[in-house]
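Have a look at the fold first, then read on.

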Amino acid sequence: MSNAPLLELHALRTWFHTRQGIVRAVDDVSFTLAAGEILGLAGESGSGKSVTGLSILGLVDPPGKIVSGRIAFRGRDLLGLEPEALRRLRGDRIAMVFQDPMMTLNPVLRIDTQMIEALRAHAAIGRAPARERACEALRKVGIAAPEERLGGYPHQLSGGMRQRVAIAIAMLNRPDLIIADEPTTALDVTIQAQILHEVQRLCRESGTALVWITHDLAVLAGLADRIAVMYAGRIVEAGPVDAVLTRPLHPYTRGLIASVPSRNRRGARLAQIPGMAPRLTELPRGCAFRPRCDRASERCRGEIPRSNPAPGRELRCIHPLQ
């Protein structure tokens, strides 16, 4: 297998030009992803996680625009592709699961119609084998009586079941890369565990890479190989998931971990990160986390360079935790 990364983002910037000013939703984001690897993108709402995923697929709507950077998939620059070439990649080699399944499902088409069309749009396959693959995909994500569900419409399914259908559609063509934007938020823990197990198996057996976008660090602890923590449009810390979660170096990462409920702190009040995330049109100079950080100094008002404090670790902080 080639050592070249499957996906490479370099200095990606996606901005929204609004009447209130420029929203720097993604600002100088870089990372690589190997075949079969699972990367977790974590952070608060508004940190830029979802816009990063949408940027990879070229799904950022106006007034949003990718203003600079590079997105390479198997060495191919996605930003230079014609719309039709990019469309052929979507749903085939790169799939996305949205947080809201109604962004994926057409409310006036039956489930089998949507799944069969998703297969036949990218492969020469008959309706009968396509229907069989669709049925098997529904079974893998925990849908009982999949044959019966194929004949239904999205409004006849519960929210959790619609999300499982959306996940099954993403897995239909056995893509090289899946971008999952908090896909299990609406599911109960039993189904969530089943789906996490299924996507891990898919990555392990077929070499599919996965970008899992979430605010739930507990999910990433058991799923991801690496984690990248985003704040105000930038990756502030990245590294192997065990290393980042057991020994965080950025104060923001520490705050996220401390705010997760734990049996080890039964009865104790949850720790909170003081203040609020900044408006992306009014970012403070230097480190965007500075107004909320208990380690901030005047030096934090300047440019914060990336550093590599340990093998495989990346950090944007001049006062890291020890």
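## Around H4

Just after H4, Gly142 takes a positive phi of about 85°. This is a predicted model, where local features need pLDDT of at least 70 and side-chain atom pairs count only at pLDDT 80 or more, while totals for chains, interfaces and linings use all residues. Residues are numbered from 1 along each chain as its sequence is written, and side-chain values use heavy atoms, with hydrogens and water left out.

H4 itself covers residues 127-140 and has 14 residues. (Helices are DSSP runs of H or I with at least four residues, strands are E runs of at least two, and both are numbered from the N terminus.) From first C-alpha to last, H4 reaches 20 Å, close to the 20 Å expected at 1.5 Å a residue; that expected span is 1.5 Å times one less than the number of residues.

Which residues of H4 are buried? They are Ala130, Ala134, Cys135, Ala137 and Leu138, where buried means under 20% relative accessible area with a 1.4 Å probe, protein chains only. Seen down the axis of H4, these fall within an arc of 160°, so they line one face of the helix; the arc is taken from the directions from the helix axis to the C-beta atoms. Their cover includes H3, H5 (146-150) and H6 (159-171), with contact meaning heavy atoms within 4.5 Å.

## Asp112 in H3

Helix H3 (residues 111-120) holds Asp112. Asp112 counts as buried because its relative accessibility is 4%. Leaving aside residues up to four places away in sequence, Asp112 touches Arg131 and Leu150.

## Two cavities

There are two cavities of 30 Å³ or more. A cavity here is a set of points, on a 1 Å grid over the protein atoms alone, where a 1.4 Å probe fits but cannot get out; lining residues have an atom within 4 Å of a point. Points are joined across faces, edges and corners, and a volume is the space filled by probe spheres set on them.

The largest cavity has a volume of about 80 Å³. Its lining includes His250, Cys287, Arg295, Arg316 and His319, and by class it has eight nonpolar, two polar and two charged residues. (Ala, Val, Leu, Ile, Met, Phe, Trp, Tyr, Cys and Pro count as nonpolar, Asp, Glu, Lys and Arg as charged, and the others, Gly among them, as polar.)

The second largest cavity has a volume of about 60 Å³. Its lining has 11 nonpolar, no polar and no charged residues, among them Val97, Met171 and Trp212. H6 gives the largest share of that lining, three residues.

Conventions. Buried < 20%, exposed > 50% of the residue type's maximum accessible area, 1.4 Å probe, protein only. 1 Å grid on protein atoms, 1.4 Å probe; cavity = no way out; pocket = protein on both sides within 12 Å on 5 of 7 lines; lining within 4 Å.
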